[in-house]
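Please consider the following briefing on a single protein chain. It covers surface, core and model confidence in turn.

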Amino acid sequence: MMRTTLALLAMLAATPVLAQPASTQPAGPSATQAPQQQPPHPGAPEVQAPVPEAGAGRGAPGAGQVPATTEPGRTTPAQQPVAPQQPAAAAPTPAPAQPAPAPFGDRGQPDAAELELMATLRGERISGRISIPNQTAANLIQPAGRSWREYHNVTLAWVGGIAVLGMLAILAVFYFTRGRIRMEHGYSGRTITRFNILERANHWMVASCFIILGLSGLNLTFGRHLLLPIIGPEAFTALSTWGKLAHNFLAFPFTLGIVVMLLLWAKDNIPNKLDIVWFRMGGGLVGKGHPPAGRFNAGQKMVFWMTVIGGGLVAASGYLLVFPFTVTNIEGQQWAHMAHSLISVLMIAGILAHIYIGSLGMEHAFDAMGSGQVDINWARDHHSLWVEEELAKARATVAKGAKAAGAD
């Protein structure tokens, strides 16, 4: 009995254990078990399993490892016609790398201080680079501008101050020492025409324009020192603005008056030997007696040519400033301004003497340009030769008229 039991146990131990039936719960394949392949459904094409890459055993199929297929109407890449290979375009030759440009100030140029020093030593200007057509805007430093600024701020102020104030001082001394020049023989009650309406109108046009031009011009040099502290910045700004406009536009009638004055009076202002005698006798301003003179004496001729020549130069230089850079460059503009201002202040000083003689300094002188009629005794004192000429013309006219009347 015992033997029979042992023999059965030995047989059971030698028999293999059958696999357990699968559980009803789905279970993923383990890491050591390969997934079971399901048999393909009827009619499905048979696909040969791809051969893995040698070595790695993963990833996409390598070259030459295209899976075969038995699907009707489909060809494998190996069965498709191969298109002719186009020769690959040659790769462009890369251009050599260009170094980045240095900053503008470091392109082999000296710095601004060195340029200024070199240009100053040569008396040249320093210019920059611009992209606009106006090349004058490129000027950075102009050594000539320093001389012009020194002239305008210092020299002109001294010259103008000495000329104008000095003339006023001389006239004041002359008035208090000499007094007003009177007529030697008093009023006669008879008058003679000194200037006609055209001459007087042109004279006053030139005179009024010159007064406004002179005052507005002096304001440019002395206004900020004399007027600004008194009237304040607002009033000074308005006055300077209107003065500048008047200065620019009144230049045109002033120039026209100078031309008309030249045409009217040039023939009577030609210098002659009588002018030397007039100067030797002091023109009747000093001492006693009046030297003989024609329509204009030597003093009036000086005023005339000063007005015509000086006024013409002032007008010409002024137009260069009103229309800048139309005729000349910046150096010409500076010279035009210096000539304009210097001649102007000298003319102002001379015209002050003319105004004094024609008003306060000489009795009855204002009537010549006021009403145009002067007393014949006054005319004989200052223009004796002209009076004789006018009386001779009058006698000839009267005599001619009398003969014509007698002939009737």
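**Briefing on the predicted model**

Leu 227 counts as partly exposed, because its relative accessibility is 31%; the class lies between buried, under 20% relative accessible area, and exposed, over 50%, with a 1.4 Å probe and protein chains only. The model is predicted: local features need pLDDT of at least 70 and side-chain atom pairs count only at pLDDT 80 or more, while totals for chains, interfaces and linings use all residues. Residues are numbered from 1 along each chain as its sequence is written, and side-chain values use heavy atoms, with hydrogens and water left out.

**Surface**
- Leu 227 is placed in the loop between α4 and α5; helices (H or I, at least four residues) and strands (E, at least two) are DSSP runs numbered from the N terminus.
- Leu 226, Leu 227, Ile 230, Ile 231 and Leu 239 make a nonpolar surface patch of about 460 Å².
- Helix α5 (residues 228–249) gives the largest share of the patch, 3 residues.
- The accessible surface of the protein chain is about 28300 Å², and 67% of this belongs to carbon and sulfur atoms; areas come from the Shrake-Rupley method with a 1.4 Å probe.

**Core and fold**
- The protein chain has 12 helices and 4 strands, and 26% of its 408 residues count as buried.
- The largest nonpolar core holds 39 residues, of which Phe 254, Trp 265, Trp 378 and Ala 379 touch the most other members; a core is a set of buried Ala, Val, Leu, Ile, Met, Phe, Trp, Tyr and Cys residues joined through side-chain atoms within 4.5 Å.
- Elements giving two or more residues to this core include α6 (251–265) and α11 (376–382).
- His 203, in helix α4, counts as buried because its relative accessible area is 16%.
- Beyond four places in sequence, His 203 is in contact (heavy atoms within 4.5 Å) with Trp 265, His 354 and Met 369.

**Confidence**
- Mean pLDDT, the predictor's confidence in each residue from 0 to 100, is 79 for the protein chain, with 70% of residues reaching 70 or more.
- Confidence is lowest in helix α1 (residues 2–14), at a mean of 59, and highest in α6, at 96.
- Over residues 17–35, pLDDT stays under 50 and the model has 0 contacts beyond four places in sequence.
- Where pLDDT is low, predicted coordinates should not be read in detail.

How values were computed. Patch = residues over 30% accessible without salt bridge, like charges linked within 9 Å, V, L, I, M, F, W, Y side chains within 5 Å. Salt bridge = Lys/Arg side-chain N within 4 Å of Asp/Glu carboxyl O.
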